[in-house]
Amino acid sequence: MKYYILFFIFVSNYFYGYSQELEKDSITYLKEVIIYNPGRTNKTLGITSSTIIREKAFQNHSPIDVASSINQISGVYLLSGALNTNRITIRGVGARTPFGTDKLRLYFEDIPVTNGNGFSTIEAYDLENLTSMEVIKGPKGTAYGTNLGGAILLKTKKQINKGTSFSNNFTIGSYGLIKDNLSITHSTDSLEFNLRYNHLNTEGYRENSNFNRDGLLLTTAVKVNSKSSIAILANYIDYTAQIPSSLGITAFTENPRQAAFTWNQAQGFESNKYTLLGLSYNYKISSKLENTTSLFYSYLDHYEARPFNILDEFTNSYGFRTQFIGHFGYQDRKASYLFGGELYKDEYDWRTYENLYEDNNGNGSLQGNELSRNKEYRRQFNAFASLTLPLAKRFNMQLGINLNKTHYDYRDLFNSGEANKNAKRNFDLIVMPSLDLVYSISEGKQVYANISRGFSNPGLEETLTPEGIINPEITQEKGINYELGTKLFLARNKLWLNLAIFRMHINDLLVSQRIGEDQFVGKNVGTTRHQGLELDINYTIDLSPKLQIIPFASYTLSDHKFVDFVDGDNDYSGNPLTGVPRNRINLGLRFNYTKEFYWNTTYQYVDGIPLTDANTLYSEPYNILNTRLGYKKEIVKNFYISLDLGINNIFDVNYAQSVLINAVGFGGTEPRYYYPGNDRNFYVSLGLKYQL
């Protein structure tokens with residue numbers, strides 16, 4: 001860790017000195033930042049550091065490529081097996097999760113959309129509906145759950161100018177891609193209305209990988225009077241996605257387009273209908289205090305046909321979130337505070353059935369007899385508060401705290417008598433404090449430090465023994481994060497740099513042990529040390545009044561290890577953490593000519609990933625190059641047309657875009673570690689917009 005600190009000091013001093021030479025001239029303002037981290041954009045976070053990627057960053061990639069957009073951020077890595085199979089890891093947290101994203105919290109317009117079992121599905125949201133994505137790395141965001149991985153906050157597009165606008169963006173591309181995003185917006189001094197419809201269909205690169213999604217998003221806000229406003233959110237998503245699953249090394253090398261054999265035979269798929277409703281009320285209690293309270297409800301109907309069984313489930317979720325934000329005078333300066341709470345409850349009904357695809361004459365999955373019937377009641381409550389004090393003119397301190405209480409209630413509705421497995425698990429109240437210190441060297445130049453405590457709940461399935469009984473010895477993962485960083489605007493605000501080093505110790509490491517094709521149990525087996533270095537940089541170069549070049553880059557060094565990890569007779573202590581590449585590099589170059597033409601080219605390097613806890617097998621490192629160019633023109637007054645063309649994986653690299661760690665081969669088959677990424681592919685978008 002001392003080497004990271006020395007490197008941090010060197011880079012900070014070098015760029016600070018460099019800026020002094022460049023800033024002898026008059027100051028100009030930064031025109032554009034691809035990845036933007038201003039620090040105070042979300043007043044709920046106070047001085048807590050976060051990273052924001054804005055709409056311009058999404059424009060570097062295909063409108064369906066959420067993975068590449070997120071992977072532009074240092075410290076954050078999204079492994080994508082398919083459009084509907086994603087796993088987000090932040091600083092290595094969540095890398096050992098077999099499927100899906102957990103150990104972080106996802107918010108959509110400040111409404112929690114992570115389910116009661118701790119899983120988030122970012123693939124359900126259309127990138128073209130988002131104006132920004134804010135990432136809190138680690139547990140320092142006390143107002144957003146203090147999960148060890150952190151939190152991701154999704155914000156939808158709003159109408160900036162007053163008036164009414166109609167816009168449509170239509171995309172076609174490789175693998176039969178057809179995507180359309182249609183929006184109607186209206187804005188006045190007292191009303192904001194946004195209605196968006198999106199459709200996506202693609203046959204997919206691999207066999208059995210068709211994806212079809214329709215969505216409708218409504219956001220509206222009404223200013224009641226000078227003190228209060230009401231906002232309404234309604235989001236409906238209906239998508240069906242086939243599942244090609246992972247491949248063994250032989251199939252991955254010889255023909256990455258094929259689906260896993262049994263998944264292809266069963267024509268495995270998942271179908272989802274998801275509704276989210278939210279009502280928010282903001283009230284300015286006084287000139288120094290305001291409150292925002294939101295009520296929300298969601299419903300998910302999920303049906304998934306797998307070779308080993310068919311899962312039929314539905315979930316009703318509801319809750320509220322309230323927060324008070326205020327300020328007061330402190331030593332002739334302004335101090336601020338916030339406090340609030342969040343309750344999330346869901347009722348989860350699920351059943352499994354036999355899959356008789358082998359008896360269905362090659363027509364895929366066929367539902368048979370019921371195998372299980374279950375119901376879960378899951379409840380999670382967070383209370384949070386923070387206080388930001390200006391200790392000196394350039395020195396601020398923020399104290400934060402989060403309290404979490406989690407409860408599981410499992411009902412076995414299939415078995416009776418001694419075979420019945422009803423159980424409850426009530427976790428103890430856990431308290432997670434946080435301390436942030438920020439020193440402003442000068443305008444646009446800060447150094448900061450954070451110490452924070454976080455946790456991750458085990459999923460209900462992880463709390464079960466192999467016999468299906470609640471294991472009271474399974475406990476939450478807990479960790480302490482130490483972080484030191486700097487945020488610099490240099491060279492007359494044309495150069496932006498964010499550098500961070502961190503170390504996080506996680507105790508009671510949760511390990512999912514696979515005991516069947518669709519059965520995992522958890523156990524606490526030891527400790528891990530997550531440490532690394534993260535660098536994001538963006539530089540705007542004005543070659544002429546019309547031509548602008550913006551190089552940008554991010555680098556992640558992940559030095560994560562098992563400190564104490566003994567699994568049965570195997571001692572993995574000292575090994576690199578499974579599922580995390582040690583090095584990741586993202587480079588980009590953007591050309592802007594006037595406001596009409598742009599050309600973006602991005603490069604991504606991902607190091608080899610350890611696939612087994614023993615580190616006996618690694619994935620191959622890979623390099624990917626993408627490019628996209630676009631043109632936008634006002635044809636007649638208030639009527640705009642845009643044309644975009646993109647090429648992904650220019651050099652047609654065969655690579656694994658996602659991996660499955662510690663894979664097990666059943667029935668003598670080869671373990672299936674690899675999810676192939678797409679080969680070289682193209683897309684073209686045509687956009688129309690009319691502003692009244």
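**Exercise 1.** Find which residues form one aromatic cluster with Phe324.

*Solution.* Start with the pairing rule: rings of Phe, Tyr and Trp (its six-membered ring) pair if their centres lie within 6.5 Å; planes under 30 degrees apart count as stacked, over 60 as edge-to-face and the rest as tilted. The cluster consists of Phe324, Phe328, Tyr337 and Phe339. Bear in mind that this is a predicted model, where local features need pLDDT of at least 70, side-chain atom pairs count only at pLDDT 80 or more, and totals for chains, interfaces and linings use all residues. Residues are numbered from 1 along each chain as its sequence is written, and side-chain values use heavy atoms, with hydrogens and water left out.

**Exercise 2.** Count the aromatic pairs, then classify the pair of Tyr175 and Tyr205.

*Solution.* The rule gives 20 aromatic pairs. For Tyr175 and Tyr205, the ring centres are 5.8 Å apart and the planes stand at 55°, so this pair is tilted. Phe562 is buried at a relative accessible area of 1%, and Phe565 at 0%.

**Exercise 3.** Work out which charged residues lie over the rings of Phe502 and Tyr640.

*Solution.* Apply the test: NZ of Lys or CZ of Arg must be within 6 Å of the ring centre and within 35 degrees of the ring normal. Over the face of Phe502 you will find Arg91, at 4.2 Å from the ring centre. For Tyr640, the charged end of Lys632 sits over the ring, 5.3 Å from its centre.

How values were computed. Buried means under 20% relative accessible area, exposed over 50%, partly exposed in between (1.4 Å probe, protein chains only).
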